[in-house]
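Let's take a walk through a protein chain together. Have the picture ready, and follow along as we go from the overall layout down to single side chains.

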Amino acid sequence: LVEQINVSLAKNGYLTIISTSNNDCEMEKNILDNFINIGVQGIISCSNLGDSLLKYYNSYPLPIVHLGNRFENEGESFVMVNDDLATKQVAQHLIEMGYKHFMYVGVEDQNNTDKRYTSFVNALEKNGKQIPIENVFRLSDYQQFSIPQSLLNTIKNCQKPLGIFCFHDVIAVNVIT
């Protein structure tokens, strides 16, 4: 996604600056303030900080497009993923690639509303596949950036070929490495 955004902006004469706050509200505000100071013309944000920054984003003077988050701002621009369709496509792809065994690595969900998990399981079941309960992992916030050894051991010991669906790209990168 970043590559495509960078290419598109470059074609229109813009330079891309990429920064991360590591989900730290104060650091996010500092970065956004610095963007104003260096004269950027707009922001594309993938913040996971949600409502904790709502008031700040409401008063931010530069145009912002939010990726993956929707704040209830007047005239806001945002891009959301269709989780259901995307998850079904991933399940179908894994099946077509010949994976016979499956795993889901998600995040702790206080409300049990993990639509990605539900869609993945449903798509597998429609194709006669399933995920054993021991292959479903829920990571806490801090574990997303440092995958626990228990998960790595399970992956190592699972029947192969194993198709792993991760809730988001940060988890996937950490599972792969």
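Predicted model: local features only at pLDDT ≥ 70, side-chain atom pairs only at ≥ 80, totals over all residues.

**From the whole chain to its rings**

Residues are numbered from 1 along each chain as its sequence is written, and side-chain values use heavy atoms, with hydrogens and water left out.

How much of the chain is buried? Buried residues make up 33% of the 177 residues. Here, buried means under 20% relative accessible area, exposed means over 50%, and partly exposed is in between (1.4 Å probe, protein chains only). Now for contacts, meaning heavy atoms within 4.5 Å. Of those between residues at least 6 apart in sequence, 56% join residues at least 24 apart.

Let's start with a helix. Helix α4 covers residues 83-96, so 14 residues, and spans 20 Å from its first C-alpha to its last, close to the 20 Å expected at 1.5 Å a residue (the expected span is 1.5 Å times one less than the number of residues). Which residues of α4 are buried? They are Thr 87, Ala 91, Leu 94 and Ile 95. Looking down the axis of α4, these buried residues fall within an arc of 100°, so they line one face of the helix; the arc is that of the directions from the helix axis to the C-beta atoms. They pack against β4 (101-107), α5 (115-126) and β6 (162-166). On the face turned away from that buried side, you'll find the exposed residues Gln 89 and Glu 96. Just after α4, Gly 98 takes a positive phi of about 95°.

A pair of aromatic rings is described by the distance of the centres and the angle of the planes. Rings of Phe, Tyr and Trp (its six-membered ring) pair if their centres lie within 6.5 Å; planes under 30 degrees apart count as stacked, over 60 as edge-to-face and the rest as tilted. The whole structure has six aromatic pairs. In one of them, Phe 102 and Phe 120 have ring centres 6.5 Å apart and planes at 75°, so this pair is edge-to-face. Phe 102 is in strand β4 and Phe 120 in helix α5, 18 residues apart. Phe 102 is buried at 0% relative accessible area, and Phe 120 also counts as buried, at 0%.

Phe 120 has another partner: with Phe 165 it forms a stacked pair, 4.8 Å centre to centre with 25° between the planes. Phe 120 lies in helix α5 and Phe 165 in strand β6, so this pair ties together parts 45 residues apart in sequence. Phe 102, Tyr 104, Tyr 117, Phe 120 and Phe 165 form one aromatic cluster.

Finally, look at Ser 45 in strand β1 (residues 43-45). Ser 45 is buried, with a relative accessible area of 6%. Leaving aside neighbours within four places in sequence, its contacts include Ile 64 and Leu 67.

Notes: Helix = DSSP H or I, 4+ residues; strand = E, 2+ residues; numbered from the N terminus.
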